[in-house]
Amino acid sequence: MAKSYNIAVIPGDGTGPEVVAEGLKALAAAARKTGFKHQLAHYDVGGARYLKTGETLPDSVMDELKGMDAIFLGAIGHPEVVPGILERGILLKIRFELDQYVNLRPVILYPGVWTPLRDKGPEDINFVVVRENTEGLYAGSGGFFKKGTPDEIAIQESVNTRKGVERCIRFAFDYCRRQGRRKVTLCHKTNVLNYAGDIWERAFSDVAKQYPDIQMDYAHTDAVCMWMVKNPEWFDVIVTDNLFGDIITDLGAMIQGGMGIAAGGNINPQGVSMFEPIGGSAPKYTGKNIINPLAAIAAAAMLLENLGEEDAGWRVEDAVRKVVAQDLKSLAAGQMGYSTTEVGDLVVKYIDQG
Ligand code: IPM
Ligand code: MN
């Protein structure tokens, strides 16, 4: 019998609703094609709701999310809301409470996509970042002392539990093996961060012993930035902490053609995972029908693969590849040669034909 999934949809702010709509079109096309069923539950959370009611993510919504099979998110972030409120109150709250301990971000240059790296092509830019997603400097540990006085001190601590570090590294090795990749690189800053770096390094070499078929490697974060530009072909799977992962995946998004194509998954392998385009709410493009929806559509493909609907996920991804290779002039908002909705229609056309 066809499987059936409950999918929570959080369109969110800015261009979030526009790109999510296209992602859902692709999801529906894949469902028609491969025969799975899905019910959508839309949740109106984000900047607009916060400005109206003062609420970020009500407990009632959080409780419902816990019962879903997956979450599809557009973007969180509003120009009229003080930075941090929506990020902590919605996005990080979901990541933390649902224990989505891996942020999985593929950096793959599809054929036909322009990259700022002049001498590199799809065979060179093909790696995946496994970013720890619930700890590190994002944990919110620390505090002020004498705030607002000339003597004030702010301390922001990086929290690295052995359990948290190890499960993330283990995910990276399992993922590497499952995907037929060959090497896992630990990205950290062990030459300076003598405690956090030490626990990551020890956990990495302990876990690596259980994967003799997979090569292990290490690079400092600053060097990773350099090599992602100069020698991206050196990377296959990169595992790293929360903040380093945040930074290097924006760089990764640029070398794979920009935010228009960059998707990510917030994954709890035993729980509810959430998939999103990583580009943010892009307020200046909102409501113009010019934003590129392919990152959201690629996120929908990741969502399907994560549900176990590999065939459906592969069809959506393949349609994205066809659109960038055959149709779009550019991946940049307003320069695609097509509107947001037309790009979604093209993806649906290729899924239908596939
Ligand atoms: C991301 C974003 C978030 C992060 C922000 C919006 C809190 O930049 O998903 O990479 O830093 O994790
Ligand atoms: Mn980021």
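How close do the axes of helix α9 (residues 294–307) and helix α10 (residues 310–326) come, and at what angle do they cross? They come within 7 Å and cross at roughly 160°. Here axes are lines fitted to C-alpha atoms, for helices over the stretch in contact, and angles run from 0 to 180 degrees between N-to-C directions. That angle makes α9 roughly antiparallel to α10, since angles under 35 degrees count as roughly parallel, over 145 as roughly antiparallel, 65 to 115 as roughly perpendicular and the rest as oblique. Helices are DSSP runs (H or I, at least four residues), numbered from the N terminus.

This is a predicted model, in which local features need pLDDT of at least 70, side-chain atom pairs count only at pLDDT 80 or more, and totals for chains, interfaces and linings use all residues. Residues are numbered from 1 along each chain as its sequence is written, chains are lettered from A and ligands numbered from 1 in the order in which they are written, and side-chain values use heavy atoms, with hydrogens and water left out.

Back to the α9 and α10 pair: the crossing is left-handed, meaning that the near helix is turned anticlockwise from the far one by less than a right angle (clockwise would be right-handed). Contact means heavy atoms within 4.5 Å, and on the α9 side the residues include Leu294, Ile297 and Leu304, meeting residues of α10 that include Trp314, Val320 and Val324. By class, this contact has 11 nonpolar, 1 polar and 3 charged residues, with Ala, Val, Leu, Ile, Met, Phe, Trp, Tyr, Cys and Pro taken as nonpolar, Asp, Glu, Lys and Arg as charged, and the others, Gly among them, as polar.

Next up are helix α5 (residues 162–178) and helix α6 (residues 196–208), whose axes come within 9 Å and cross at roughly 45°. That makes α5 oblique to α6, and the crossing is right-handed. Among the residues making the contact are Ile169 and Phe173 of α5 and Trp200 and Phe204 of α6. The tally is 10 nonpolar, no polar and 5 charged.

Helix α1 (residues 16–34) packs with helix α11 (residues 340–353) at an angle of about 10°, the axes being 9 Å apart. That makes α1 roughly parallel to α11. The residues of this contact split into 6 nonpolar, 4 polar and 7 charged.

As for ligand 1, the residues around it (a heavy atom within 4 Å) are Glu87, Leu91, Arg95, Arg105, Arg131, Tyr138 and Asp246. An oxygen atom of ligand 1 sits 2.7 Å from a side-chain N or O atom of Arg95, and for Arg105 the corresponding distance is 2.8 Å. A polar side-chain atom of Arg131 lies 2.7 Å from an oxygen atom of ligand 1.

Terms used. Helix = DSSP H or I, 4+ residues; strand = E, 2+ residues; numbered from the N terminus. Polar contact = N/O pair within 3.5 Å; in protein donor to acceptor, adjacent residues only side chain to side chain.
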